[in-house]
Amino acid sequence: MGLRYTSYIESPDESHKFPSTLELYHYNVNEYGIGNSLYSGPVLLRQRRAMSSASDSSSSSEKEKEFVTYGCRRCRTHLSSSSHVISKAYRGKTGTAYLLEEVLNVLEGTVETRPMLTGDYVVCDILCHWCKSVVGWKYLKSERKDQRYKEGKFILEVKTICKCE
């Protein structure tokens, strides 16, 4: 029986807490001076829409910094978090993939040389330690000097992982 680790995946910012519905209502209604009821008439509804569209553009950077825990799609064992993502612009066998600096709860498969778009690499598949499904690979060695930054890094394919809550 494997272990599922949850204690290592904590939000880097301990003060990061989601507001309650009451706090959201208080923020939206009272800070903008819109009124004390949910429906304040068509004029105030337009004001609310204008204020929310202005706040959406400023909160887009906050959404990008949202802390996410990634797990195996098959068994939901935690594998990594959004704080370890280096790039989301990679391609794997099944489509989009993430380059990560650290991945936990995985087993390394057999070592092999694979030709890829950016050159030949010595890699090994990484498998979920709980259900043994392939979730990506680890770069062990690069033939090209300009690609050596990938050595020791991991690729997780988006179709093999999920966001854990």
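This is a predicted model: local features need pLDDT of at least 70, side-chain atom pairs count only at pLDDT 80 or more; totals for chains, interfaces and linings use all residues.
Local features need pLDDT of at least 70 and side-chain atom pairs count only at pLDDT 80 or more, while totals for chains, interfaces and linings use all residues. Residues are numbered from 1 along each chain as its sequence is written, and side-chain values use heavy atoms, with hydrogens and water left out.

Q: How many salt bridges does the count come to?
A: A salt bridge is a side-chain nitrogen of Lys or Arg within 4 Å of a carboxyl oxygen of Asp or Glu. By this rule, the count is five.

Q: Which strands hold Glu 108 and Lys 138?
A: The two residues form a salt bridge, with the closest N and O atoms 3.1 Å apart. Strands are DSSP runs (E, at least two residues), numbered from the N terminus. The pair ties together parts that are 30 residues apart in sequence, because Glu 108 lies in strand β5 (residues 106-116) and Lys 138 in strand β7 (residues 134-142).

Q: Is Lys 138 buried or exposed?
A: Buried means under 20% relative accessible area, exposed over 50%, and partly exposed in between (1.4 Å probe, protein chains only). Glu 108, at 47%, counts as partly exposed. Lys 138 has 16% relative accessibility and therefore counts as buried.

Q: Which residues do salt bridges with shared partners join into one network?
A: Arg 114 meets Glu 112 at 3.2 Å, N to O, and Asp 125 meets Arg 114 at 2.4 Å. Asp 125 lies in strand β6 (residues 119-128) and Arg 114 in strand β5, so this pair ties together parts eleven residues apart in sequence. The network consists of Glu 112, Arg 114 and Asp 125.

Note on methods: Helices (H or I, at least four residues) and strands (E, at least two) are DSSP runs, numbered from the N terminus.
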